[in-house]
Amino acid sequence: RDRYEFINMQYEDLVTARDSLNELLQETEKIMNKDFGDFMQLADQSFTETFQNIFGGGEACLKLERGKERLQSGIDIEVKLPGKKSQALNLLSGGERALTCIAFIFALLRLKPAPFCILDEIDAALDNVNAHNVALLISEMSKNSQFVVVSLRDTTVRKADLLVGVSNQDGISRIVSVDLEEVGASA
């Protein structure tokens, strides 16, 4: 009988602990759902504004993947470029897709600025006009974050504050840097 009472107490403790953990899990999921919903709304708004800024109009939105639980669903990007019909991201041209993804990245950076960002040839698939627009956006965003941009495009390079390059003479690599603000002030 002592053994039965001991095991029964342990069982009741386990049931109580399980119920307590289930309540905690449900409360945590409610908080996560609310926080996720709030962030999705902010991200969608920021993405729409950034998209319109980069493309000079149009519409863009973030949508949760259908048929899945909110916290486990993916996010679909739908855009309507100026003068075109609404399309999914995978139906856009390479440059349009790249520019849309750039808008998404910068929309998130506007919400939660990172102290340091490295962008490697972010402008490679863009024409000169869009590369210039992205360079302007990077310049604007550099007030809150530091950007290191790897680029071979003169439209992007012209917006830089500091240029750093590697020169190779006789098999010896040398780092060359030019502070464009100092050059502009002395010119």
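This is a predicted model: local features need pLDDT of at least 70, side-chain atom pairs count only at pLDDT 80 or more; totals for chains, interfaces and linings use all residues.
Residues are numbered from 1 along each chain as its sequence is written, and side-chain values use heavy atoms, without hydrogens and water. Local features need pLDDT of at least 70 and side-chain atom pairs pLDDT 80 or more, whereas totals for chains, interfaces and linings use all residues.

Helices are DSSP runs (H or I, at least four residues) numbered from the N terminus. Helix α1 (residues 2-55) packs on helix α2 (residues 94-111) with axes 8 Å apart and at an angle of about 130 degrees. Contact (heavy atoms within 4.5 Å) involves residues including F39, F47 and F51 of α1 and L99, F104 and L111 of α2. By class, this contact has 15 nonpolar, four polar and three charged residues.

The axes of α2 and helix α3 (residues 128-141) come within 12 Å and cross at roughly 10 degrees; these helices are therefore roughly parallel. Among the residues that make this contact are I102, F106 and R110 of α2 and V134, L137 and M141 of α3.

A search of the whole structure finds zero disulfides (pairs of cysteine sulfur atoms within 2.5 Å). For C61, the nearest cysteine sulfur, that of C101, is 14 Å away; for C117, the nearest is also that of C101, 16 Å away.

Definitions and conventions:
Axes are lines fitted to C-alpha atoms, for helices over the stretch in contact, and angles run from 0 to 180 degrees between N-to-C directions. Helices (H or I, at least four residues) and strands (E, at least two) are DSSP runs, numbered from the N terminus. Ala, Val, Leu, Ile, Met, Phe, Trp, Tyr, Cys and Pro count as nonpolar, Asp, Glu, Lys and Arg as charged, and the others, Gly among them, as polar. Angles under 35 degrees count as roughly parallel, over 145 as roughly antiparallel, 65 to 115 as roughly perpendicular and the rest as oblique.
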